[in-house]
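Subject: Structure for your review

Dear colleague,

Please find below the structure that I am handing over to you. My notes on it follow directly after.

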Amino acid sequence: MQRFRRLRSSKNIRRMVRETRVDKSDLIYPIFVTEGENIKNPVDSMPGIFQYSIDRVDEILSEIDKSKISGLLIFGIPSHKDELATGAYDDNGITQRAVRFIKEKYPDILIVADVCLCEYTSHGHCGVVHNHKILNDETLPLLSKMAVSLAKSGADIIAPSDMMDGRVSAIREALDENGFIDTPIMSYSAKFASAYYSPFRDAAESAPCFGDRKTYQMDYANGKEAIREVIDDINEGADIVMVKPALAYLDIIKEASKLDYPLAVYNVSGEYSMVKAAAQNGWIDEKKVVLENLTAIKRAGADIIITYHALDAAKWLEEEE
Ligand code: PBG
Ligand code: ZN
């Protein structure tokens with residue numbers, strides 16, 4: 001008989017043989033910045049998450065700074081939206097101003113800038129729309145302009161989340177031409193058309209006003225295609241690839257990690273909201289469930305985890321040490 005229980009017999013021995021550790025440096029925290037003044041709007045479907053105006057965002061930045069996590073992922077919410085998402089690549093747009101503000105006040109906080117048009121388009125789709133179709137090639141120059149504008153504002157990493165084909169090479173070329181050869185691209189490579197994004201769409205005010213995102217985001221039934229997407233993004237020049245969402249996609253994470261490329265995983269809004277709702281009902285222990293989830297994501301092969309739990313988890317990890 002193998003006595004597996006020998007190595008489970010005390011806290012110290014369990015700690016010694018633990019295979020997977022989540023570290024604060026694995027974590028990235030998403031934030032939402034909105035136009036206007038003196039705004040701290042709770043997102044109803046995401047308890048603990050708020051939209052901040054630039055003059056109030058310091059509140060969360062100081063927490064991020066103290067937490068020792070790796071950085072933040074920024075989403076801007078413009079007050080003006082139009083067909084061509086002009087606010088996305090306006091050097092004075094909400095996200096650009098927010099990035100400049102953060103860089104000035106906290107030069108050491110790593111800023112990952114999400115690049116996608118859906119928060120800025122009047123129709124809420126991630127690309128240019130014509131006759132109810134989402135056009136691929138016509139979207140690429142707009143994404144490229146957005147990426148360059150955000151890099152100019154001080155974004156440290158560019159993270160395209162739109163799922164247009166060819167966007168990584170288009171963005172890479174545009175960044176290089178504008179002198180940003182050293183700005184990495186973290187590409188949302190295997191991004192599935194998921195029902196787990198709906199709380200985010202409340203937070204970012206980016207729900208599509210017709211149809212869905214299934215003509216550009218992936219079918220959740222497809223694992224092999226996900227790996228083709230990841231490989232293609234690597235070939236196009238992505239520095240970090242991503243799988244999104246996390247918990248229903250641990251098999252994809254595992255496969256993608258075998259490519260030996262830095263791998264980010266997005267533990268998305270719906271995954272967060274389910275945990276928060278059950279915890280608020282007293283049905284689960286929030287701290288324990290979150291640490292279990294994050295460890296599972298890491299065990300599957302993630303190097304970086306983008307999560308709305310990041311600030312809480314950073315505290316809890318410290319308590320566990
Ligand atoms: C925008 C974007 C989305 C998310 C990140 N960037 C939503 C979407 O594709 O509709 C989802 C994040 C989350 O659910 O937490 N393209
Ligand atoms: Zn989008």
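Strand β11, residues 263-267, is mostly covered, as five of its five residues are buried. Here, buried means under 20% relative accessible area, exposed means over 50%, and partly exposed lies in between, with a 1.4 Å probe and protein chains only. Strands (E, at least two residues) and helices (H or I, at least four) are DSSP runs numbered from the N terminus. L263, V265 and N267 point to one side of β11, while A264 and Y266 point the other way. In a regular strand, side chains alternate between the two faces of the sheet. Strand β10 (residues 240-244) pairs with β11 in the parallel sense over three bridges; pairing requires that DSSP finds at least two bridges between two strands. Within this pair, V243 has V265 of β11 as its bridge partner.

As to conventions, this is a predicted model, in which local features need pLDDT of at least 70 and side-chain atom pairs count only at pLDDT 80 or more, whereas totals for chains, interfaces and linings use all residues. Residues are numbered from 1 along each chain as its sequence is written, chains are lettered from A and ligands numbered from 1 in the order in which they are written, and side-chain values use heavy atoms, with hydrogens and water left out.

**The zinc site**

Which protein atoms are the donors of the zinc ion (ligand 2)? They are the SG atoms of C116, C118 and C126, which lie 2.2 to 2.3 Å from the ion. Donors are N, O and S atoms within 2.8 Å of the metal (3.2 Å for Na, K and Ca); water is not among the atoms, so sites may look incomplete. The donors follow the spacing C-x1-C-x7-C along the chain. The arrangement is tetrahedral because the four donor atoms around the zinc ion (ligand 2) subtend angles of 98 to 121 degrees. Four donors count as tetrahedral if all angles lie between 85 and 135 degrees; four count as square planar and six as octahedral if opposite donors are over 155 degrees apart and all others between 65 and 115, and anything else is irregular.

C116 sits in the loop between β5 (110-115) and β6 (128-130), and its relative accessibility of 0% makes it buried. C118, at 7%, is buried, and C126 is buried at 1%. Apart from neighbours within four places in sequence, C116 is in contact with C126, L143, M146, S161 and D162, where contact means heavy atoms within 4.5 Å.

**Overall form**

The chain has 11 helices and 12 strands. Its radius of gyration is 20 Å, which agrees with the value near 20 Å for a compact globule of 321 residues. This radius is taken over C-alpha atoms, and the globule rule is 2.2 Å times the number of residues to the power 0.38. The C-alpha trace spans about 65 × 45 × 40 Å along its principal axes. Of the 321 residues, 55% count as buried. Among contacts with a separation of 6 or more, 73% join residues 24 or more positions apart.

**Helix α11 and H309**

In helix α11 (residues 310-320), the residues A310, L311, A313, A314, W316 and L317 are buried. The buried residues of α11 pack against β1 (27-34), α2 (58-67), α10 (286-300) and β12 (304-307). H309 occupies the loop between β12 and α11 and is buried, with a relative accessible area of 3%. Leaving aside neighbours within four places in sequence, H309 is in contact with N267, Y272, V275 and V290.

**Other positions**

S187 lies in strand β9 (residues 186-191) and is buried at 0% relative accessibility. Beyond neighbours within four places in sequence, the contacts of S187 include P160, R167 and D233.

K254 belongs to helix α8 (residues 250-257) and is partly exposed at 44%. The C-alpha atoms of K254 and G301 are separated by 5.2 Å, although these residues are 47 residues apart along the chain.

**Backbone geometry**

K244 and P245 are joined by a cis peptide bond, with omega about -5 degrees; P245 is in the loop between β10 and α8. H132, which is not a glycine, has a positive phi of about 65 degrees. H132 counts as exposed at 58% relative accessibility. M163 also has a positive phi, near 70 degrees, and is buried at 4%.

Yours sincerely
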